[in-house]
Amino acid sequence: MAHCAWRFGLIRLLALLGLALGAAACQPQTAPAPTTAVTEIPPAPGVTLAAPAGAAGLGDPLYPALGNGGYDVQHYTIDLTVDVARNMLDGVTTITAHAMQPLSAFNLDFSGLTITRVTVNGQSADYRRQGSETTITPPQPLAAGARLTVTVAYRGEPQPIRDPGVPFVPLGWQRFEQGIAVVSEPSGAMNWFPSNNHPADKATFTFRVQVPKPYQVAANGVLADTQDAGSSTTFVWQMTDPMATYLATVHIGRYEVVTATGPGGVTLRHYFPLGTPDTVKARFARIPQMMQFMTERFGAYPFDAYGVALLPVSTGWALETQTLSTYGADGADEAEVFHELMHEWFGNSVSPATWQDVWLNEGFATYFQWLWQEETEGRPAFDATVQQAYAGLVSRRVGPVLPQQPAGMFTAATYQRGACTLHALRLTVGDAVFFQILRTYYERFAGGVASTADFSATAVEVSGQPGVEALLNAWLTSPTPPLLVHIGQ
Ligand code: TRP
Ligand code: ZN
């Protein structure tokens, strides 16, 4: 199969062309700072200071309002009854967390649906909503380190989120003709469950989704239980490894479930809409070999299961939803199938510390697409792909890998220039050290998050070459692509 470095899915093409399809900011308006000066009155001796409120954001450079400060989520239980015909949810999300500071109040990110009740540690709690920020005030302030169980009951029809980072697709829970599915990267998770909506706070998940017969539900992780209640079925899915909110997915439809065993005994389960042609299913046939390739380079597949779920409509994009990559009805070519699988290691197990670090997902996945091409087609094909990608960067003067705004996140800067950044590093330190850097980086940050600085520090440390930092900086931040010396022979 021919791999062309410039063959993007429709989504990547649109992003590259800079087409914004009526994108509106997803960030809530923050109240203007008060203009009157306030004189602080020191507390009288013996009077305890009131606990502060948790921050409304986590300081993400591109999405300051995403995520919330002051607490750390351990687990989400998302309990949904879905009226599939009307796309209506009746839900309760239970969040267990630790307070990381004294808290008089804290925020959850949640947008659109009607909240009917909030409890904190079993007691009703007041809440106030402003845009996608929900501020919850528990009856008593929480002490630092306190365990925290929050329940939010809600209902309604989720409204897709328009995010300037992905102008090509509405985000979150949405209807796709005969089916319902969730694709959220980066901000969409907040249209169907309340959360700390930022990859910096990963957590485990339980999904309990009740649907009318004959619908089926697929979600992240492992199908732990199926409960028959006459006219409806409840599907219980467990994601027992940490997951970023943007990777959470639920697919509802009618499926042929194809199961197999992958390398190391990993369960493979694919959700193909009924009637999916064999030619489309065949596009995923090499996943076991691809897993084997990644396993040899980085170690075992990081989760309990893997598979794909196809939407009932064609899309032109795919998303690496954890353990269950989401595709349109036509599937995708081999390079893209590899790309989404590869994200399970880089993106899903090691997740970006901020959205500005998204090249650690996309540049890595793109570079490894090229390495898969080397594996299957040989070194000349790989060299040609790198050369072509680099020539494209130069002729189009593709800007810095680190985006300065959401619109730069899913572009040639993070994908192709990000991939060429890795190639430049490889040419500088040599193959053995290069792969040792990647393995060390993976081992260190698997199951968590990593920043660009973490990657750079790992590269310097493993190579023993301080100059590697300047090389990476130039590739990541200079206005036009640096020279890529010595591609191929
Ligand atoms: N991460 C996807 C990829 O490269 C691209 C993407 C980002 C996306 N946000 C999305 C796809 C939202 C679908 C929906 O594979
Ligand atoms: Zn990707």
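Ligand 1 is surrounded by 16 residues in this predicted model. The closest are Glu185, Glu320, Glu340, Glu362 and Tyr415. Three elements each supply at least two residues of this shell: helix H1 (10-17), strand E20 (318-319) and helix H4.

The table gives three of them.

| Residue | Protein side of the contact | Atom of ligand 1 | Distance |
|---|---|---|---|
| Ala318 | polar backbone atom | oxygen | 3.4 Å |
| Glu320 | N or O atom in the side chain | nitrogen | 2.8 Å |
| Glu340 | polar side-chain atom | oxygen | 2.6 Å |

How much of ligand 1 does the protein bury? Taken alone, ligand 1 exposes 370 Å², and the protein buries 100% of that.

**The zinc site**

Ligand 2 is a zinc ion. Three residues coordinate this ion: His339 and His343, each through NE2, and Glu362 through OE. The distances run from 1.9 to 2.0 Å. Glu362 is also listed with the closest residues around ligand 1.

Along the sequence, the donor residues of the zinc ion follow the spacing H-x3-H-x18-E. His339 sits in helix H4 (residues 334-342), while Glu362 sits in helix H5 (residues 359-377), so this pair ties together parts that are 23 residues apart in sequence.

What is the geometry of the zinc site? The site is irregular, with angles of 96 to 147 degrees among its four donor atoms. A tetrahedral site would need all angles between 85 and 135 degrees.

Are His339 and Glu362 buried or exposed? His339 is buried, at 0% relative accessibility. Glu362 is buried too, with a relative accessible area of 2%.

**Cis peptide bonds**

Most peptide bonds are trans. One runs from Glu185 to Pro186, with omega near 0 degrees. Pro186 lies in the loop between strand E10 (179-183) and strand E11 (203-212).

Pro214 belongs to the loop between E11 and strand E12 (216-219).

**Positive phi angles**

Most residues other than glycine have a negative phi. Asn87 has a positive one, near 55 degrees. Asn87 is found in the loop between strand E1 (71-83) and strand E2 (88-99). Its relative accessible area is 3%, so Asn87 counts as buried.

Arg397 has a positive phi as well, near 45 degrees. Its loop runs between helix H6 (379-395) and helix H7 (413-429). Is Arg397 buried or exposed? Arg397 counts as exposed, because its relative accessibility is 60% and the cut-off for exposed is over 50%.

**A pair across the chain**

Ile115 has its place in strand E4 (residues 114-120). At 9% relative accessibility, Ile115 is buried; the cut-off for buried is under 20%. Which distance separates the C-alpha atoms of Ile115 and Gly156? They are 9.0 Å apart, although 41 residues separate the two along the chain.

Key: Residues are numbered from 1 along each chain as its sequence is written. Chains are lettered from A and ligands numbered from 1 in the order in which they are written. This is a predicted model: local features need pLDDT of at least 70, side-chain atom pairs count only at pLDDT 80 or more; totals for chains, interfaces and linings use all residues. Side-chain values use heavy atoms; hydrogens and water are left out. Donors are N, O and S atoms within 2.8 Å of the metal (3.2 Å for Na, K and Ca); water is not among the atoms, so sites may look incomplete. Four donors count as tetrahedral if all angles lie between 85 and 135 degrees; four count as square planar and six as octahedral if opposite donors are over 155 degrees apart and all others between 65 and 115; anything else is irregular. Helices (H or I, at least four residues) and strands (E, at least two) are DSSP runs, numbered from the N terminus. Buried means under 20% relative accessible area, exposed over 50%, partly exposed in between (1.4 Å probe, protein chains only). A residue is near a molecule or strand if one of its heavy atoms lies within 4 Å of it. A polar contact is a pair of N or O atoms within 3.5 Å; within protein, one must be able to donate a hydrogen and the other to accept it, and residues adjacent in sequence count only if both atoms are side-chain atoms. Accessible areas come from the Shrake-Rupley method with a 1.4 Å probe; for residues, only the protein chains shown count as cover.
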